[in-house]
Amino acid sequence: MTLNGLFPIGTVVLLKESTKRLMITGVAQYRIDEEGNRKLYDYVGVVFPEGFLSAEENFLFNADQIDKLYFVGFQDAESMAFIEKAEEALKRLREQA
């Protein structure tokens, strides 16, 4: 699946080689591995339809891992302005890496 820009919070997707859908709950997320290295991800999500189960049940993923789009989250002027800022931040952070 090709993607132009980030999906808004609430979007429901299926990742490649997955059978369980995820709902996007955040964008531009970092994870620090055991060696202290930071890795940037496009999204964090929770299983759908269950939602948040625990902090250990959050899933970090990138746009290129998305196979199927089921629902696009709520969009208004405020959320679209946020997405624009997040896209700019992701671009800057990737250029620095």
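At the start of helix α1, a side-chain oxygen of aspartate 76 comes to within 3.2 Å of the backbone nitrogen of glutamate 78. This is a polar contact (a pair of N or O atoms within 3.5 Å, where one must be able to donate a hydrogen and the other to accept it). The model is predicted: local features need pLDDT of at least 70, and side-chain atom pairs count only at pLDDT 80 or more. Residues are numbered from 1 along each chain, and side-chain values use heavy atoms, without hydrogens or water.

Helix α1 covers residues 77-96. From its first C-alpha to its last, α1 reaches 29 Å, close to the 28 Å expected at 1.5 Å a residue. Ser79, Ile83, Ala86 and Leu90 of α1 are buried, where buried means under 20% relative accessible area and exposed over 50%, with a 1.4 Å probe. Seen down the axis of α1, the buried residues fall within an arc of 65°, so they line one face of the helix. Exposed residues on the other side include Lys85, Lys91 and Glu95. Strands β2 (22-32) and β3 (38-47) are among what covers the buried residues of α1.

The largest nonpolar core has 16 residues; such a core joins buried residues of nonpolar kinds, Tyr and Cys included, through side-chain atoms within 4.5 Å. β1 (12-15), β2, β3 and α1 each supply at least two residues of this core. Leu6 is one of those with the most contacts inside the core. Beyond its neighbours within four places in sequence, leucine 6 is in contact (heavy atoms within 4.5 Å) with residues including Val27, Tyr43, Ile83 and Leu90.

Notes:
Helix = DSSP H or I, 4+ residues; strand = E, 2+ residues; numbered from the N terminus. Expected span 1.5 Å × (residues − 1). Arc of directions from axis to C-beta.
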